[in-house]
Amino acid sequence: MGMHYYYCMNRSGMNHSGLNHSGMNHSDMNHSGLNHSDMNHSGIKHVGMNHAHPRSGLVRGLIALVLAVGLSAGLTGCGDPVETFKGSEISGTHLGQGFQLTSADGKPYTLASFAGKAVLVFFGYTQCPDVCPTTLAELSQVMKLLGDKADRLQVVMITVDSERDTPEILKGYVTSFDPRFLGLSGTPEQIKQAASSFKAYYAKNSPVNGTYTMDHTASLYLIDPKGESRVLLNNNAGAEAIAHDVRLVLR
Ligand SMILES: [Cu+2]
């Protein structure tokens, strides 16, 4: 099963073109027409660079395919289109490695804290007028769709607005959508580091009438139970598509 899985990864990993079109499209970057193209492109390049041996991967993938066809019966998997991620594959990018943040109860978290679970990470803030509440509602729907498997998924919202989002406010906000959701915060420096580890963007807008909004990347990052970043999903991908990809990384 392990080997089989590996080949599946390589096969989907070969399709880099998907990232250019659906990976981090600019609608993800919501709120205003900022130019994020540099960041987007570096993220995409990073994906490509990490596939250091595409050719040997291709050869091995083909061998696996021949073996799978030859051995045939009983083996489902690589050839089955149902197993393709709905989001964009980001395996090998190691996005999110190295962050250190804190929950409302003061517990420190890194990606390793979630070992054995799939993790859906996104950046946001509790006073967000539209994108964040919509995303959280969608993710609470994902939890329902997953049924028993929801216990193997951790949804994590990382605040980009530590100025207003105290750990308690953040916790109250995310758990109002699902009591299992986790809000993570940290010092401004830790949040900056977390965002940069995901190649995520955020910025505070100029205050209007005494209040302000934040721009932020709205993509969902799906991490597998081994702590590897696997899929980048649009925040509006839909609960079905998100649940599908979560099930896939939980196999
Ligand atoms: Cu938001």
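These are my notebook entries on a predicted model of one protein chain.

**Entry 1: the overall count**

The protein chain has eight helices and 10 strands. I then looked up burial, and of its 251 residues, 37% count as buried. I also checked how far apart in sequence the contacting residues sit. Among contacts with a separation of 6 or more, 73% are between residues 24 or more positions apart.

Six strands make an open sheet, in the order 1-10-9-4-5-6, and the pairing is mixed. Which strands stand at the edges? They are strand 1 (88-89) and strand 6 (182-184), and each has a single partner strand, so one side of each has no neighbour in the sheet.

Helix 5 (residues 131-146) packs on this sheet and touches strand 4 (118-124) and strand 5 (153-159). I noted its direction too: about 165° to that of strand 4.

Then I went through some pairs. Strand 1 and strand 10 are antiparallel, with two bridges. There I found Glu 89 bridged to Val 231 in strand 10. Strand 9 (residues 220-223) and strand 10 (residues 229-233) also run antiparallel, joined by four bridges. In that pair, Leu 220 has Leu 233 as its bridge partner. Strand 4 and strand 5 pair in the parallel sense, over seven bridges. One residue I traced there was Gly 124, whose bridge partner in strand 5 is Thr 159.

Strand 9 and strand 10 form a hairpin with five residues between them. Gly 227 sits in that turn and has a positive phi of about 90°.

How many residues of strand 4 are buried? Seven of the seven are, so strand 4 is largely enclosed by the rest of the structure. I sorted them by the way they point. Ala 118, Leu 120, Phe 122 and Gly 124 go one way, while Val 119, Val 121 and Phe 123 go the other, and all are buried.

In soluble globular proteins, nonpolar side chains tend to be buried together. Here the largest nonpolar core has 52 residues, and the ones touching the most other members are Leu 120, Val 121, Val 156, Ile 158, Tyr 221 and Leu 222. Which strand gives this core its largest share? It is strand 4, with six residues.

Leaving out residues up to four places away in sequence, Tyr 221 touches Leu 95, Gly 96, Val 121, Phe 122, Phe 198, Ser 229 and Leu 232.

**Entry 2: two helices**

Helix 8 (residues 239-249) lies across strand 4, strand 5, strand 9 and strand 10, and runs at about 175° to strand 10. I then checked how helix 8 meets helix 5. Their axes come within 9 Å and cross at roughly 55°. Helix 5 and helix 8 are therefore oblique to each other. I wrote the crossing down as right-handed. On the helix 5 side, Glu 138, Gln 141, Val 142, Leu 145 and Leu 146 take part, and they meet Ala 239, Glu 240, Ile 242, Ala 243 and Val 246 in helix 8.

**Entry 3: two loop residues**

Asp 178 is in the loop between helix 6 (167-177) and strand 6. Is Asp 178 buried or partly exposed? Asp 178 is partly exposed, because it has 18 other C-beta atoms within 10 Å and buried would take 20 or more. Beyond its neighbours within four places in sequence, Asp 178 is in contact with Ser 140, Met 143 and Val 155. I also looked up Leu 139: it is 39 residues from Asp 178 in sequence, and their C-alpha atoms are 8.6 Å apart.

Ala 237 is in the loop between strand 10 and helix 8. With 21 other C-beta atoms within 10 Å, Ala 237 is buried. Not counting residues up to four places away in sequence, Ala 237 touches Lys 86, Gly 87 and Ile 242. Its C-alpha atom is 9.3 Å from that of Leu 220, 17 residues away along the chain.

Conventions. Residues numbered from 1 in each chain as written. Predicted model: local features only at pLDDT ≥ 70, side-chain atom pairs only at ≥ 80, totals over all residues. Pairing = 2+ DSSP bridges. Contact = placed C-beta atoms within 7 Å. Axes fitted to C-alpha atoms, helices over the stretch in contact; angles between N-to-C directions. Core = buried A, V, L, I, M, F, W, Y, C linked by C-beta atoms within 7 Å. Buried ≥ 20, exposed ≤ 12 C-beta atoms within 10 Å, placed from the backbone. Parallel < 35°, antiparallel > 145°, perpendicular 65-115°, else oblique. Left-handed = near helix turned anticlockwise from the far one by under 90°.
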